[in-house]
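Have a go at each task before you read its solution.

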Amino acid sequence: MASRGPPPGMGPIMVLNSKTQRSQGRQAQLGNINAARAVADIIRSTLGPRSMLKMLLDPMGGIVITNDGNCILREVDVSHPTAKSMIELSRAQDEEVGDGTTSVIILAGEMLINAEPFVRTNIHPTVIVRGYNYALQEALEICEKLALVVDVNDADKMKALVQSCIGTKFSSRWNDTMIDMALKAVLTVSRAIPMPVGSDSYSQKMEVDIKRYAKVEKIPGGEISDCTVLSGVMFNKDVTHSKMRRRIENPRILLLDSPLEYKKGESQTNVEITDEEDWNTLLKMEEEYVENMCMEIIAFKPDIVITEKGVSDLAQHYFAKANITAFRRLRKTDNNRVARATGATIVSRTDEIREEDIGTGCGLFEMRKIGEEYFAFFEECKDPKACTIILRGGSKDVLNEIERNLSDAMQVVRNVVFDPRLLPGGGATEMAVSVGLRKAGLKLEGIQQGPFLAVGEAMEVIPRTLSQNCGVSVIRTVTQLRAKHAAAYEEAEKTGGEDAFPKCNWGIDGTTGKLVDMEEFGIWEPFSVKIQTIKTAVESACMILRIDDIVSGSKKRGH
């Protein structure tokens, strides 16, 4: 048998640059597992209602105080490549469903920790991955069976659902206010889009664009209980002229994105004037141009004119004379929100204004002073499809944390509007999946049984961490919970045969650490969040397990 080394008399052949660091095979896999364990340990204590906060200093000297998994990992500076890919998971989870960022990291870390014994006993990673993928399919089926369909307009059920998301956050003392705000904001901006199915029948698909149409305005000062969701919009602008009206009921609103001032040339223009009358003519033309624009607008008798560009002094004068309130240089995004809330259409040229472009959906316009700033409020809108959320609080840090919590809550409501199915919270789903996988694993044969069962064991990390953060006896609590779920399985098998599935909703009350039935306790989580968490965790664990070579110090770009 020929030797694998270089020919005799030759030294070792160096293919890679001598500065390159390289770890291969089992060493790389075990290094990856340890990195994943380290990342999971960073945020393990931030799971559940009894969670701790983390304080992070950024290089600029600013501080962030939060227990949002994604926010913590975003701020942490990490050098290990596997740890970086774990951090990407929580970002993907946050963008996709908005909640479960902590759970996904803890689960993925646990999946990798449970794979360590197999790696050490020289089981090939692809075998472990195959076992994990089987287990993932089984886990998703168990979740499908456990799911409960909910009516989006059932306020009590929806409140219980948002409670399970916000209950673990900093703002949990003002839960009721936050829950009502999240529900109101999402149900305000959600609208049904008719989708053609087949030929003539239409099915409804919901569009919920929180980012664009639910604006959060953070104003330091006041109480957290002063936070509200307006049935309309507001923006931080004052009227352009002091004589303009500051309160109008049922205003007619006109939105423009063209400047109400004399048009300047695109490129530099020189005008040669030979007669002094020509100078006056030029000025008069400018004034007439602005006057014409204003007259075209005044002809439609609007009460409020809002433009994204400038308003010249002359135009302000004409508007003030016609008793019209004007705003200038409004952001494009704010203008879109005003348009959607009041039913107006944004017009690009003043000579193209039509009566139907005027927005009449607003009930009350008022200028208010909050702190040192003036704000324009457009309230009491008829069926607004955009809203502004006003957050008040003691300090900037508090406001930032509340904004993060509220955006999580709104994402949860959005997910349920899209997919109105729920799963029990408090570790109940994870324990049901764990016990179900253990039962299903007994039917498997061969080497894949180990990895399959390992996924079941890894699922227990959520109830375990919940009880750990409460300070109760972890072993006793988790064992009792496992026994409850196993007993439900046996009961179902006696009554319904082999394939019967029990709906066991027992989980851990994250505040006291006692076992409770989640159906009575009323803690539910959106189906889409749970499914996304399990999928992401297993798939990322599989990806990391299949890495067998890490080369660092690769070539710089441009050389």
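**Exercise 1.** Work out how helix α15 passes helix α16, and which residues make the contact.

*Solution.* Keep in mind that this is a predicted model.

Step 1. Find the two helices: α15 covers residues 461–470 and α16 covers residues 474–496. The crossing of α15 with α16 is right-handed.

Step 2. Two packed helices are described by the angle between their axes and by the distance between those axes. Here the angle is about 140° and the axes lie 9 Å apart. Angles over 145 degrees would count as roughly antiparallel, and 65 to 115 as roughly perpendicular. The value for this pair therefore makes α15 oblique to α16.

Step 3. List the residues that touch. From α15 they are Pro463, Arg464, Ser467 and Gln468. From α16 they are Val474, Thr477, Val478 and Leu481.

Step 4. Sort the contact residues by class: four are nonpolar, three are polar and one is charged.

**Exercise 2.** Decide whether α15 is mostly covered or mostly open, and say what covers its buried residues.

*Solution.* Step 1. A residue counts as buried when its relative accessible area is under 20%. Eight of the ten residues of α15 are buried, so the helix is mostly covered.

Step 1. Name the buried residues: Val461, Ile462, Pro463, Thr465, Leu466, Ser467, Asn469 and Cys470.

Step 2. Look for the cover. Among the elements over these residues are α4 (101–120), α13 (428–441), α14 (449–459), α16 and β19 (506–508).

Step 3. Now step off the end of the helix. Just after α15, Gly471 has a positive phi of about 85°.

**Exercise 3.** Take Lys301 and Asp383: where does each one sit, and is it buried or exposed?

*Solution.* Step 1. Lys301 is not a glycine, yet its phi is positive, at about 50°. Asp383 is likewise not a glycine and has a positive phi of about 50°.

Step 1. Lys301 lies in the loop between α9 (276–298) and β12 (304–307). Asp383 lies in the loop between β16 (373–379) and β17.

Step 2. Check the accessible area, remembering that exposed means over 50%. Lys301 has a relative accessible area of 62% and is exposed. For Asp383 the figure is 58%, and Asp383 is exposed too.

**Exercise 4.** Describe the open sheet that contains β17.

*Solution.* Step 1. Write down the strand order: β7-β17-β8, three strands with mixed pairing.

Step 1. Find the edges. β7 (214–220) and β8 (228–229) each have a single partner strand, so one side of each has no neighbour in the sheet.

Step 2. Follow one pair. β7 and β17 (residues 387–393) run in the parallel sense and share seven bridges. In one of these, Ala214 has Cys387 of β17 as its bridge partner.

Terms used:
Residues numbered from 1 in each chain as written. Predicted model: local features only at pLDDT ≥ 70, side-chain atom pairs only at ≥ 80, totals over all residues. Heavy atoms only, no water. Pairing = 2+ DSSP bridges. Helix = DSSP H or I, 4+ residues; strand = E, 2+ residues; numbered from the N terminus. Axes fitted to C-alpha atoms, helices over the stretch in contact; angles between N-to-C directions. Parallel < 35°, antiparallel > 145°, perpendicular 65-115°, else oblique. Left-handed = near helix turned anticlockwise from the far one by under 90°. Contact = heavy atoms within 4.5 Å. Nonpolar A, V, L, I, M, F, W, Y, C, P; charged D, E, K, R; others polar. Buried < 20%, exposed > 50% of the residue type's maximum accessible area, 1.4 Å probe, protein only.
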